[in-house]
Amino acid sequence: MTDHQSDIDSVSGRSTTGHEWDGIKELNTPLPRWWVITFYLTIVWAIGYWIVYPAWPLISSNTRGVLGYSSRADVAVELANLDKIRGDKMVALGAASLADIEKDPALLALARAKGKTVFGDNCAPCHGSGAAGAKGYPNLNDDDWLWGGTLDQIMQTIQFGARSGHAKAHEGQMLAFGKDGVLKPDEIVTVANYVRSLSGLPTRNGYDAAKGEKIFAENCVACHGEGGKGNQEMGAPNLTDKIWLYGSDEATLIETISQGRAGVMPAWEGRLDPATIKAMAVYVHSLGGGK
Amino acid sequence: MNKTVNPSELTSEDDYGPLYAARKKVYPQSVSGTFRRIKWGLMAFCLGVYYFLPFVRWNRGLGAPDQAVLIDLPNSRFYFFFIELWPQEVYYFTGLLIVAAVALFLMNSVGGRIWCGYLCPQTVWTDVFYAVERLIEGDRRERMKKDKSSDPMKLERISEIVLKHSIWLLIAWWTGGAWVLYFNDAPTLVKQLVTFQAPMIAYIWIGILTATTYVLAGHMREQVCNYMCPWPRIQAALTDEWALNVTYRYDRGEKRTSVKKAAELRALGQSVGDCVDCYQCVAVCPTGIDIRDGAQMECIQCGLCIDACDTVMTKIGRPTRLIGYDNDINIHRRQEGKAPIYKIVRARTVAYAVIIGVIGSFMIYTLATRSLLDVNVLHDRNPVAVKLSDGSIRNAYTVRLLNKSGYDRVIAIDANGPVNATLHVVGADSVTPDRPMIVIPRDSTSELRLLVTAPAESNPEKSIPVRFHVTDIGLGEAASATDNFVAP
């Protein structure tokens, strides 16, 4: 401004800002007064904001504002509201029978949504995020069930678990026939091949089928049943189908028969509330394998 | 062009220019004539539509809203007479906005700022507010006198001011009230509003729109056009030399001469301009400009100066339309003694009309032929395939069925993919094996979990396409979607 030379535009007779672009000078057009006042008001408004809301950073915290507003408190309120809404719906879920939940599209949707979330938090570490299972951990999408695949059976398994230590847990295990000296190594190889033959898998050359059948009848039928169809009362798998929890190759079978198997499913009663367990049962059942 | 002045020689503050300028209040005078009548008519039409449309009923059958125009935000539906739009059809609004923008361009290239002068809400409401002001405080001169008067206010003047603002606020309040009626069933909401049982958000919106209407139409007026609105700047870039703008025909008007002197000069056989410098065009202007200065940004081209000038011209016995819709080309042609030409049909206007026509008909075509039944399919990602105990392969899909019609449908689902595959919908006891049937209520969507199982014998390849057909078994309407069937 010290060097200011006021230009007067000869056409309009008004002063210019002195700024020139290619011979064109900018007229000094004043702002409307209301505009300027509004501008100052926004500044005042901003100062009000500093006072009312959290604003200035301090060394280890920040100014809180006289309203004591915090976005975290907002989230807490919204979460509480959400819990309340969900609470009402979960009451309805808890009151309905498992079969009725599957029949009612709204309850089914709620159970599936709730079940999926809880499954992700609690079950996915063993059964996988999509319940596809892993070696030793059953795939819950298929139709092969160790302890039964009806809604009630699934719910029971979730509630009390298998070999979980809970009083009502599923009990029964695959004995260690080799380790405990019940069968000799060559007998184990023979019976392993016999088991493979039950589901149509190829067997080792020179394997004695009659001997295998005899060993199977003496040692395995008690749990796995006549013909190896399995027994869900004891969690003994069906040995004639295409699904193998640990694997169907000879080496794995020999390991299974020698060392035994006793996978653990924890009991969820007490850890999850009854309505949530119901939702879980419906969710697992709806994955597609439910009976 | 510019003379440089040394600061020390400056005497008045004006030479530097003030930092901010006080507003020059505009006192438009009442006027009557063709364009004023058009404006009254359009104002009545626009406000009539805006205030009363929410009360128009339209029967859509039981259970559906019967309001002709309704933006149902909680249920994500938009109703416009026989049209119902879902959120995923929002592109119709995009199309509508494009058509509206090009229509604005077309208006501009034909007749200048027709939008600004006649149809813009800012103009319409400001016009209403001016009418109220005029009715209560009198015409231009009276209002100027009352505002300038330094006498202490008498009761009469105070009651005038109070009355004016009360009526303004009433109109503004009604404007805000009508707005919220588009978002809920109007008769119900009106009842709730008067009994103070309407949702808080309704009162908040009424408050906001009352405030904006009152401030923008009552107080800001032409300042909105001059300082806030981008359209005056944009239209300057859109216009061309053939566009008909409100123009002072200076070829006819200059030199400006008083009535008496003009008569004397005409008697002597001399030619004089028709403009008698009566300033009527300035007096009626709602933005307070002088149209005789030529085209300018502040001019909203409402045509009121044409009416004012026509009245004067008729009175002094000269031809009307000294100010009229015209352009510089014709002014120059007349100066050269040639007949004016009006080119409404030219490349620019034709192009705009074609764009409007093409987009408009495309929208109407797609709207008329859109399917009221739709299906989306999403393959399960984890696990992609499941082997069952008998060796068969199963894939799971999330199927979303959309029934956009006003009646419930019974839908049959078929899949065209792996040989001899069976279908099952979780939670549905299928009456017809392998062809699940589902009921979808009117105007809703259903999300289903669909299991497709291919028997072990069919031995499906790693991945084969599968096409899902959904058929309304009552009406035969169908839709389909494609995904893949995957084997482990």
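These legends describe views of a predicted model.

**View 1. Chain B as a whole.** Chain B holds 16 helices and 16 strands. Its C-alpha trace spans about 115 × 60 × 55 Å along the principal axes. The radius of gyration of chain B is 34 Å, whereas a compact globule of 488 residues would have one near 23 Å.

**View 2. Burial and contacts in chain B.** Of the 488 residues in chain B, 26% are buried. Take the contacts in chain B with a separation of 6 or more: residues 24 or more positions apart account for 70% of them.

**View 3. Strands E15 and E16 of chain B.** Strand E15 of chain B covers residues 463-472, and strand E16 of chain B covers residues 478-486. The two strands pair in the antiparallel sense. Nine bridges join them. One bridge can be picked out by its residues: B:Phe468 has B:Ala481 in E16(B) as its partner.

**View 4. The turn of the hairpin.** E15(B) and E16(B) form a hairpin with five residues between the strands. Look here for B:Gly476. This glycine takes a positive phi near 80°.

**View 5. Helix H2 of chain A.** Helix H2 of chain A runs over residues 71-95, 25 residues in total. At 1.5 Å a residue, H2(A) should span 36 Å.

View 6. How many of the 25 residues of H2(A) are buried? The number is two, so H2(A) lies largely in the open.

Methods: Residues are numbered from 1 along each chain as its sequence is written. Chains are lettered from A and ligands numbered from 1 in the order in which they are written. This is a predicted model: local features need pLDDT of at least 70, side-chain atom pairs count only at pLDDT 80 or more; totals for chains, interfaces and linings use all residues. Two strands pair if DSSP finds at least two bridges between them. Helices (H or I, at least four residues) and strands (E, at least two) are DSSP runs, numbered from the N terminus. The expected span of a helix is 1.5 Å times one less than its number of residues. A residue is buried if 20 or more other C-beta atoms lie within 10 Å of its own, exposed if 12 or fewer, and partly exposed in between; C-beta atoms are placed from the backbone. The radius of gyration is taken over C-alpha atoms; the globule rule is 2.2 Å times the number of residues to the power 0.38. Two residues are in contact if their C-beta atoms, placed from the backbone, lie within 7 Å.
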